[in-house]
Amino acid sequence: MFKKYISDEDLNVYLNSMELMLFTPESEGFGLPVLEAYAVQKPVILSRIQPLAEISLSANQFVDFNNPKDIAEKTINFLKKNESIKSPKSFKNLLNQFSWERSASIFFKNL
């Protein structure tokens, strides 16, 4: 399923019902959808681009966004092996690092 927009009401349904998320943009500012997937402990296959490297949990989740074969192989590998990127603790640690509370604290500290 490819979506350009998902309402807030439908977001939780989609996030909790997916096996994994393919997030393969050519460019990205930060990657909030990736953190949303991690919040419900779903693996994400990511474009091998710099902004997403900061929020990755594993090197094996990266693909070349211009290579459909690479994306397909990685997706099949995750689905066949029911592979997880990391443990729930890893998801929690990363989410804490990028929480709104922590971001606000850093922002106000630097004023």
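This briefing describes the fold, the surface and two local features of one protein chain.

The structure is a predicted model, in which local features need pLDDT of at least 70 and side-chain atom pairs count only at pLDDT 80 or more, whereas totals for chains, interfaces and linings use all residues. Residues are numbered from 1 along each chain as its sequence is written, and side-chain values use heavy atoms, with hydrogens and water left out.

**Fold and dimensions**

- The protein chain has 6 helices and 3 strands, where helices (H or I, at least four residues) and strands (E, at least two) are DSSP runs numbered from the N terminus.
- Read from the N terminus on, the elements follow the order α-β-α-β-α-β-α-α-α.
- The radius of gyration of the protein chain is 15 Å, which agrees with the value near 13 Å that a compact globule of 111 residues would have; this radius is taken over C-alpha atoms, and the globule rule is 2.2 Å times the number of residues to the power 0.38.
- Along its principal axes, the C-alpha trace spans about 45 × 30 × 30 Å.
- Contact means heavy atoms within 4.5 Å, and among contacts between residues at least 6 apart in sequence, 43% join residues at least 24 apart.

**Burial and surface**

- Of the 111 residues, 33% count as buried, where buried means under 20% relative accessible area, exposed over 50%, and partly exposed in between (1.4 Å probe, protein chains only).
- The accessible surface of the protein chain comes to about 7,700 Å², of which 53% belongs to carbon and sulfur atoms; such areas come from the Shrake-Rupley method with a 1.4 Å probe, and for residues only the protein chains shown count as cover.

**The salt bridge**

- A search of the whole structure finds 1 salt bridge, defined as a side-chain nitrogen of Lys or Arg within 4 Å of a carboxyl oxygen of Asp or Glu.
- Lysine 69 forms a salt bridge with glutamate 73, and their closest N and O atoms are 3.9 Å apart.
- Both lysine 69 and glutamate 73 belong to helix α4 (residues 68-81), where they lie 4 residues apart, about one turn of the helix.
- Lysine 69 counts as exposed because its relative accessibility is 58%, while glutamate 73, with a relative accessible area of 46%, is partly exposed.

**A positive phi in a loop**

- Most residues other than glycine have a negative phi.
- Glutamine 41, however, has a phi near 55 degrees, a positive value in a residue other than glycine.
- Glutamine 41 lies in the loop between α2 (32-39) and β2 (44-47), and at 44% relative accessibility glutamine 41 counts as partly exposed.
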